[in-house]
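Subject: Handover of a structure for your review

Dear colleague,

Please find the structure below, followed by an account of what was found in it. I would be grateful if you would read the two side by side.

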Number of protein chains: 2
Amino acid sequence: MACTSANEQLFDHLVRCETRLYNAVGERLKADHGIVASQFEFLRYLGRHPRSRVADIATTFAVGIGATSKGIDRLEARRWVRRVPNPEDRRSSLIELTPAGRDLVAAAEQTFREQLETLLAPAITDDQARTLMPVLAALRHALEQRNIGLPTG
Amino acid sequence: MACTSANEQLFDHLVRCETRLYNAVGERLKADHGIVASQFEFLRYLGRHPRSRVADIATTFAVGIGATSKGIDRLEARRWVRRVPNPEDRRSSLIELTPAGRDLVAAAEQTFREQLETLLAPAITDDQARTLMPVLAALRHALEQRNIGLPTG
DNA sequence: CCGAAGTGCATGCCACGGCATACAGTCTAG
DNA sequence: CTAGACTGTATGCCGTGGCATGCACTTCGG
């Protein structure tokens with residue numbers, strides 16, 4: 001009974017790797033740009049998916065709608081994003097980066113890439129990375145397909 | 001510049017997989033046992049590493065000391081763990097499961113295994129899992145070795 | 001058209017983690 | 001032995017996310 005199944009080991013490794021990487025990236029982003037990791041992810045997403053709705057962001061990152069709405073509030077307060085009315089559905093807004101937001105994302109993405117390189121290069125070989133990629137992509141796809149792990153709100 | 005490097009993709013996949021799995025596992029643990037995922041992780045760790053100190057738990061899970069101390073407070077309030085004086089260093093305590101805690105862990109681990117199986121079986125083949133394991137283990141080891149991603153407090 | 005059901009989002013309350021600080025206990029130089 | 005540095009933990013304040021709720025708008029059945 002004290003044995004640890006393959007699934008459990010997989011889960012543990014996955015969670016520990018993610019936690020430390022996410023912490024380390026966030027630490028750097030906060031130091032260099034004054035944003036936390038989740039804000040960076042929102043901004044980066046908006047750079048790549050202009051005119052998104054709150055719900056789109058929420059499902060992408062598997063966080064609740066409320067939390068996402070408040071996250072956007074904070075970015076809006078800092079003038080990095082703007083809510084514009086959605087002509088196709090007046091219940092929602094479309095979120096877009098401001099010019100200042102665009103500048104920030106560009107700079108932060110640079111920092112992000114450097115930090116990732118610093119973190120991963122000594123920790124994992126290119127071969128290992130190539131091995132990892134398709135499996136994680138498939139896992140991610142399967143989880144998203146089945147709507148697994150989406151918070152309520 | 002809009003290109004996404006291999007490192008970035010890896011990071012994204014890793015973070016999304018972890019978030020959704022962790023959410024889904026936590027959801028189930030909360031529903032069946034009234035504990036959140038982080039509490040489960042603490043309890044399970046204590047089952048496997050009796051007489052641990054707060055700092056041991058903190059570094060294992062890459063959370064701050066303060067947060068860990070408060071997490072143990074909550075478990076202690078529910079009578080699942082106990083702080084016993086550390087004879088070798090009176091600044092710290094050793095944390096151990098109570099009998100009730102032991103029972104809870106056993107039941108929760110059962111739920112955890114079932115849920116993991118439910119989540120992973122349709123999402124990833126055994127071959128893929130076998131591929132993933134050593135790479136994630138190596139990555140985790142490298143990150144821990146270099147003390148990456150440990151919060152301040 | 002109209003009302004009821006459904007959908008998208010904002011907001012309030014609470015739990016939890018980060019960080020700074022405080023303090024007790026330990027270690028080290030002399 | 002002892003002063004000062006150090007270490008391990010607890011605690012307070014704050015930011016952030018979850019969940020429940022409320023409201024505006026949309027859609028659907030008639």
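Two residues are taken to be in contact if their C-beta atoms, placed from the backbone, lie within 7 Å. Packing between elements is described below in that sense. Please note that this is a predicted model.

Chain A

Chain A contains six helices and two strands, and along the sequence these elements follow the pattern α-α-α-α-β-β-α-α. Taken along the principal axes, its C-alpha atoms fill a box of roughly 55 × 35 × 25 Å. Of its 153 residues, 35% count as buried. Among the contacts in chain A between residues at least 6 apart in sequence, 54% join residues that are at least 24 apart.

Helix α5 of chain A

Helix α5 of chain A covers residues 99–120, which is 22 residues. From first to last C-alpha it reaches 31 Å, close to the 32 Å expected at 1.5 Å a residue. The buried residues of α5(A) are A:G101, A:L104, A:V105, A:A108, A:F112, A:Q115, A:L116, A:L119 and A:L120. Seen down the axis of α5(A), these buried residues fall within an arc of 105°, so they line one face of the helix. The face turned away from that buried side carries the exposed residues A:P99, A:D103, A:A106, A:A107, A:E114 and A:E117.

Against which elements do the buried residues of α5(A) pack? Within chain A, the partners are α1 (6–33), α2 (37–48), β1 (81–85) and β2 (93–97). The buried residues of α5(A) also pack against α1 (6–33) of chain B.

The two copies and their interface

The contact takes 44 residues from chain A and 44 residues from chain B. On the side of chain B that touches chain A, α1, α5 (99–120) and α6 (126–145) of chain B each supply at least two residues. The largest share, 18 residues, comes from α1(B). By class, this side of chain B divides into 28 nonpolar, nine polar and seven charged residues.

Helix α2 of chain B

Helix α2 of chain B (residues 37–48) has twelve residues and reaches 17 Å from its first C-alpha to its last, close to the 16 Å expected at 1.5 Å a residue. In α2(B), the buried residues are B:Q39, B:F40, B:E41, B:F42, B:L43 and B:L46. They pack against α1, α3 (54–61), α4, β1 (81–85), β2 (93–97) and α5 of chain B.

The DNA strands

DNA strand C is surrounded by 28 residues, the closest being A:A55, A:G66, A:S92, B:G66 and B:G153.

DNA strand D is surrounded by 28 residues, and the closest are A:G66, A:G153, B:A55, B:G66 and B:S92. Here the elements that give two or more residues are α4 of chain A together with α3 and α4 of chain B. The surface near DNA strand D has eight nonpolar, eleven polar and nine charged residues.

Yours sincerely

Key: Residues are numbered from 1 along each chain as its sequence is written. Chains are lettered from A and ligands numbered from 1 in the order in which they are written. This is a predicted model: local features need pLDDT of at least 70, side-chain atom pairs count only at pLDDT 80 or more; totals for chains, interfaces and linings use all residues. Helices (H or I, at least four residues) and strands (E, at least two) are DSSP runs, numbered from the N terminus. The expected span of a helix is 1.5 Å times one less than its number of residues. A residue is buried if 20 or more other C-beta atoms lie within 10 Å of its own, exposed if 12 or fewer, and partly exposed in between; C-beta atoms are placed from the backbone. The arc is that of the directions from the helix axis to the C-beta atoms. Ala, Val, Leu, Ile, Met, Phe, Trp, Tyr, Cys and Pro count as nonpolar, Asp, Glu, Lys and Arg as charged, and the others, Gly among them, as polar. A residue is near a molecule or strand if its C-beta atom, placed from the backbone, lies within 6 Å of it.
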